[in-house]
Amino acid sequence: MKTIVKTALLAGAAWSALATGALAQDAGSAPNGQEATNIDDIVVTARRRDEQLKDVPIAVSALGEERLEQTGAADITALQQQTPNATVQVARGSNSTLISFIRGIGQQDPLWGFEPGVGLYVDDVYIARPQGAVLDIYDVRRIEVLRGPQGSLYGRNTVGGAVKYVSNRLSLDPELTLRGSYGSYNQIDLLAVGSMPITDNFRIGAAVANYERDGYGENINTGAEHYNKDVLAYRVSAEWEPMANTSVRLAYDHVQDDSNPRHGHREVAGATAAGRVLGSVYDTNAGLGDDNSVTTEGASLTIEHQVNDMVTVKSISAWRSGDTDTLIDFDNTPAPTLDIPAYYSDEQFTQELQVLFDAGSAQGVFGIFYLDGSAEGAFDTILGNAGIVIGTGGSVDTQSFAAFGDVSLDLSDRLHLSLGGRLTRDKKTGSVYRANYLGATRSPLLGGTARAPVLRTNYTNTRTFEEFTPRAALSFDLTPDLTTYVSFSRGFKSGGFDMRGDAILTPDTVNGYDPETVDAWEVGLKGSLGDRFFFSSALFHNQYEDQQVTTQVPAGASIASFVDNVGSSTFTGAEVEGRWQIFDSLAANFAVGWLDSKFERFLRYNLLTAQYEDISSQVVLQNAPEWTGYLGLTWTGNVMGGNLAITPSASYRGDFSMFEFPNPILDQQAYTLVDLSVVWTAPSDRWMVGIHGKNLTDEEYRVGGYNFPGALFDNSIIGYYGPPQTWTATLQVKF
């Protein structure tokens, strides 16, 4: 009854358009790059083609360049505050690895072989691995968040949704933008973005950004910074129009993250004085080391040719690679009680061909997609109290092929039908090696002293997974400014192999795990009331089947890993977001999300009985807060001849669990973040000055954790925290 009442209340609020929420944040694709102030100005590419947001039967949030600058968004994790029912965070123990959940569906394990449940796209290029995916916001036109399964157009691993990062195109005129920021903890950010036309139809451009910041805390054992930042990123591109109906874009990007490793904060005391709980949640007492390096790079070639007024052909070819050397000291002490040194390496090639058409009453896209990817790595689990190290290494090679299509038909002037589908075939070959070595030092896999292994796992297996993921939507224009829709979609995430699997403790690990699917039903209403209130709303119900869950549990003097298709879960929820132009000088941006989630079945392998048991009554969905919300007020006015924008905002995130098994020590209680941004732009738009305050109430909140209780691990229960209160001043000049 409680669920029904909440659903009814939110539905009534949305459909009366009087709710405390409104449309996707300004998409930033209004004419001349100005902030969109009318629903007709907001253009997104959720269906692989330019469309007005109100005409897209998908729940889409879009944050444009001006909105991102106006709120002082530093990186892609800013989406979490302004997008309903979304988790977009830096992964535990990392500086630039991304974890994303949308409507409670995602994946937080960044190990090679595991794939995200929310797809990430940069200029339509799929990013298969999460390392280095916490993208700093520079040279960006807009970011789109597509909520709900996107299996027909975006394919595998979009069971939760997709995030699209759209960079700026090169200007027809010479341009140069310089930006510098200084802030708390000696933050120094430098950015240069420029472009130059070489001929009338050929342009080159580049963007370079350097981000440095001292740590929020300290490693009191070594004196090194903890939670610091040291990132260099750059992008170069060239655009060419060899003829009036053809465009070619070549781009290359590179990110080097040399920030120190994040070892976390011990939440409970260990057996020795070195394992005490430190006063600052950003401090650590780790002894494993302070070296960390993440390198990612990629190149893409996009060719678009307009065959005629009805048909356009598009090719997207891309290559990406990444290398990570990292450390996590799980016990947070100088002793090697639970230390994890690791490396990851990955490479991918993707090719996508699209045929887009617009025949007036019928529009759509057909295409094929190919991915050839490999990911490998190794890590040690150094157990000082057991006198051993568990060495784990392996690789997974993936070949994926898909054919897809999506067609929109105008059944009448007001009734529209959208039909889509995708057939995906994945072939994966996984190799897993796991062995115990005497001595609590690095194993031979990571350059340690050569010694005889006690073999636990050593296999290579190949599996093929196929799935058809349909989508259907029926939309109706209630008025020229108001559209409602109903849709069904299916998402599919491929199966694979557990890179941590112990074939002695869990013999089935050599067979791998199966794909998971999500069936989603959605009803939406979006549009505008008058010329001041713009909104988007949705009610949804998801059925999650064969859900993949990753856990590690103590097993004697070792650790057992499970990647199980645990069973099924259901999600029911509602979202309302938007913009209300209260006065000419005052606007409000809103986002409200509600989510009710539960496991219907959760099968867990019992190490003692060697049987699977249903323990659904003991578990919850991770990263699935019941309520999320955002409210930002922006006052604009003429000051000193320029435009002054003042934006106070608050974002709310309800209670949520870090893992499927509730843990009162690690699980995060509800919290609210309060921010303030003040931005002044000169009349010519040449100068911009901004001051941005984040987390003004200095809220301490966890974004991740690890749970290894017990004497063997010295009660290693550690948490990772979001940034404290910070202030940043920014100066920008355009030439």
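Tutor: A cavity is defined on a 1 Å grid over the protein atoms alone, as a set of points where a 1.4 Å probe fits but cannot get out, whereas a pocket is an open set with protein on both sides within 12 Å along at least five of seven lines; lining residues have an atom within 4 Å of a point. Grid points are joined across faces, edges and corners, and a volume is the space filled by probe spheres set on the points. This is a predicted model, in which local features need pLDDT of at least 70 and side-chain atom pairs count only at pLDDT 80 or more, while totals for chains, interfaces and linings use all residues. Residues are numbered from 1 along each chain as its sequence is written, and side-chain values use heavy atoms, with hydrogens and water left out.

Student: What is the volume of the largest cavity?

Tutor: The count of cavities of 30 Å³ or more comes to 10. For the largest cavity, the computed volume is about 510 Å³.

Student: Which residues of its lining are the closest to the centre of the largest cavity?

Tutor: Strands, marked E, are DSSP runs of at least two residues, numbered from the N terminus. Strand E20 (311–329), E21, E22, E23, E30 and E38 each supply at least two residues of the lining of the largest cavity. Its residues divide into 16 nonpolar (Ala, Val, Leu, Ile, Met, Phe, Trp, Tyr, Cys and Pro), 12 polar (the others, Gly among them) and five charged (Asp, Glu, Lys and Arg). Of the 33 lining residues, the closest to the centre are Phe330, Ile340, Tyr344, Arg500 and Tyr706.

Student: Which residues have the most contacts inside the largest nonpolar core?

Tutor: In soluble globular proteins, nonpolar side chains tend to be buried together. A nonpolar core is a set of buried Ala, Val, Leu, Ile, Met, Phe, Trp, Tyr and Cys residues joined through side-chain atoms within 4.5 Å, where buried means under 20% relative accessible area, exposed over 50% and partly exposed in between (1.4 Å probe, protein chains only). The largest such core has 43 residues, and those with the most contacts inside it are Phe330 and Leu338.

Student: Which strand gives the most to this core?

Tutor: Several elements give two or more residues to the core, including strand E21 (339–358), strand E22 (362–383), strand E38 (702–708) and strand E39 (716–721). With four residues, the one that gives the most is E39.

Student: How many residues are in the other core, which lies apart from it?

Tutor: Ile76, Val125, Val134 and Val140 are among the residues of this other core. Its number of residues is 26.

Student: How many degrees lie between the planes of Tyr706 and Tyr720?

Tutor: Rings of Phe, Tyr and Trp (its six-membered ring) pair if their centres lie within 6.5 Å; planes under 30 degrees apart count as stacked, over 60 as edge-to-face and the rest as tilted. The whole structure holds 24 aromatic pairs. Tyr706 and Tyr720 form an edge-to-face pair, 6.1 Å centre to centre, and the angle between the planes is 80°.

Tutor: About 1,400 Å³ of space lies in the second largest pocket. Its lining has 13 nonpolar, 14 polar and 22 charged residues. Of the 49 lining residues, the closest to the centre are Thr45, Arg48, Arg49, Asp50 and Glu304.

Student: Is Asn623 buried or exposed?

Tutor: Asn623 is found in the loop between strand E33 (611–614) and strand E34 (627–639), and has a positive phi of about 50° although it is not a glycine. Because its relative accessibility is 3%, Asn623 counts as buried.

Student: What is the relative accessible area of Asp546?

Tutor: Asp546 is found in the loop between strand E28 (533–545) and strand E29 (548–555), and its phi is near 55°, a positive value in a residue other than glycine. Asp546 is partly exposed, with a relative accessible area of 34%.
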